[in-house]
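Please keep the structure open while reading.

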Amino acid sequence: MTTLATTASWDAWLRTRSAVRTARDMQRSDNSRHALFDLASNDYLGLSSHPRVRQAAISALNCLGTGATASRVASGTWQIHRELEAELSRYTGRSQALVFSSGYCANLGLLGALGGPGSLMLLDAHAHASLIDGARLSGAGTARFEHNNLDDARAKLHANAQSPAPKPRVVVVVESVYSVLGDAAPLQQLAELCAQYNALLLIDEAHSLATVLAGSAVNAAGLAQAENVLVTATLSKALGAQGGAVLFGGSRAELWREHLLNTARTFIFDTALAPAAAAAAHAALELATGERIAGLAANALMIRRVLNAEENLAGRVEQAPGAVQSVRMKSPQQALLAAALLREHGIAVSCFRPPSVPDGISRLRLAAHAQQDPAELAAALKVVARTISDVES
Ligand SMILES: Cc1ncc(COP(=O)(O)O)c(C=O)c1O
């Protein structure tokens with residue numbers, strides 16, 4: 001009897017939630033992206049299908065098996081994890097790295113390991129869900145500052161410093177390149193500001209690792225060995241693999257790594273990254289260099305230039321230095337319709353709309369890839385512009 005009543009109440013709840021999503025036009029889908037011109041995926045360097053990356057994964061699979069079979073602190077640390085951590089440190093100019101099973105887990109693990117009642121997490125208003133969740137789970141006080149607004153960040157740091165019971169450990173949480181708008185954070189100024197207030201700066205490099213010639217935006221900003229900077233990254237975007245990492249620099253790099261190895265719950269209580277993914281990421285790092293990254297930058301520039309030159313889109317393309325290029329749309333409905341029509345034209349773009357957009361503005365998000373043929377890309381962009389014009393007319 002009780003079981004039936006429970007089942008009925010879950011059933012009613014599931015149906016109501018589904019009806020609410022439909023009424024608000026907010027149903028998500030997991031459409032396949034095959035055989036489309038790819039302006040949607042995060043495979044920025046096209047490495048997920050590179051023969052050497054595949055071969056590295058296959059060899060690891062054949063030699064080591066399909067899974068790591070245990071947590072890193074049990075028996076799940078393999079030589080390939082250590083080699084990947086050494087290569088990630090070298091590639092980013094940092095001194096130490098700790099590899100997690102995803103970028104999401106790296107963020108949850110790091111923020112959790114920094115949290116507790118004496119900590120305050122100050123997050124940029126556009127911070128990714130994994131950073132928000134990590135801050136919430138960490139047990140620290142949390143506050144937001146306006147997106148990329150140094151004055152607001154300073155005001156919040158100042159307010160903590162002046163409060164009768166200031167939190168002694170403050171972490172400012174940002175992304176190097178933001179995932180929806182594609183705009184960059186002012187990393188040097190943020191690091192200086194944090195140093196003034198003795199705060200840590202946590203920089204999520206999910207969208208910048210292996211997309212800049214210096215390897216990472218933190219390295220490009222001259223912060224690879226900054227004492228007060230902690231970095232997270234994902235191996236699933238430009239590296240085309242799977243997994244995440246926390247990267248440490250400065251004189252306390254080893255101490256930081258040891259602290260996380262002992263306290264990051266998503267490191268301790270999660271099965272380690274599969275050996276094939278670790279091997280793929282390692283091989284990808286060797287390929288994520290000069291010409292490929294320059295090709296990505298050239299295609300990103302072409303997306304910005306071509307779309308900005310269209311009469312109906314001028315001024316609607318965000319200022320974005322990396323692979324992610326975003327076009328503001330006039331309504332969520334038009335954004336959805338444009339993305340659906342583009343699929344029919346064989347072009348995959350991402351559609352972001354409330355509640356997944358930090359500022360309430362719906363957007364089409366176009367990702368530049370190094371391997372896109374410039375002529376095909378130019379043709380696809382013409383279709384994008386025409387389709388947006390059609391849905392808005
Ligand atoms: C900014 C940011 N951080 C973290 C993640 C999570 O990375 P992963 O997909 O490896 O879990 C993402 C992925 O969407 C992201 O965009």
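The model is predicted: local features need pLDDT of at least 70, side-chain atom pairs count only at pLDDT 80 or more, and totals for chains, interfaces and linings use all residues. Residues are numbered from 1 along each chain as its sequence is written, and side-chain values use heavy atoms, with hydrogens and water left out.

**Domains and their interface**

Domain 1 spans 51-287 and domain 2 spans 289-392. These bounds come from an automatic or database domain assignment. The C-alpha centres of the two domains are 28 Å apart. The interface buries about 1,400 Å², with 64% from carbon and sulfur atoms. Buried area here is the accessible area (1.4 Å probe) that two parts lose on being put together, summed over both. On the domain 1 side, Val180, Leu181 and Leu287 lose the most area, together 42% of what that side buries.

What polar links cross the interface of domain 1 and domain 2? The rule finds four residue pairs in polar contact, both at pLDDT 80 or more. A polar contact is a pair of N or O atoms within 3.5 Å; within protein, one must be able to donate a hydrogen and the other to accept it, and residues adjacent in sequence count only if both atoms are side-chain atoms. Salt bridges across this interface number zero. A salt bridge puts a side-chain nitrogen of Lys or Arg within 4 Å of a carboxyl oxygen of Asp or Glu.

Helices (H or I, at least four residues) and strands (E, at least two) are DSSP runs, numbered from the N terminus. Strand S2 (residues 96-100) pairs with strand S8 (residues 244-248) in the antiparallel sense over five bridges; pairing requires at least two DSSP bridges. Gln96 stands opposite Phe248 in S8. Four of the five residues of S2 are buried. Buried means under 20% relative accessible area, exposed over 50%, partly exposed in between (1.4 Å probe, protein chains only).

Ser71 sits in the loop between helix H2 (51-64) and helix H3 (79-92). Ser71 is buried, at 11% relative accessible area. A polar atom of its side chain lies 2.7 Å from the backbone oxygen of Ile268.

Val218 belongs to helix H8 (residues 217-220) and is buried at 2%. Ile203 is 15 residues away in sequence, with 8.0 Å from C-alpha to C-alpha.

**Salt bridges**

The rule counts 14 salt bridges.

| Pair | Closest N to O |
|---|---|
| Arg257 and Glu85 | 2.8 Å |
| Arg363 and Glu318 | 2.9 Å |

Arg257 in helix H9 (residues 253-263) and Glu85 in helix H3 are 172 residues apart. Both are buried.

Arg252 lies in the loop between S8 and H9 and Glu227 in the loop between H8 and strand S7 (229-234), so this pair ties together parts 25 residues apart in sequence. Arg252 is partly exposed at 41%. Glu227 is also partly exposed, at 35%.

Arg363 in strand S12 (residues 363-367) and Glu318, in the loop between helix H12 (290-309) and strand S9 (324-328), are 45 residues apart. Arg363 is buried at 1% relative accessibility. Glu318 is buried at 12%. A network of salt bridges links Glu318, Arg328, Asp359 and Arg363.
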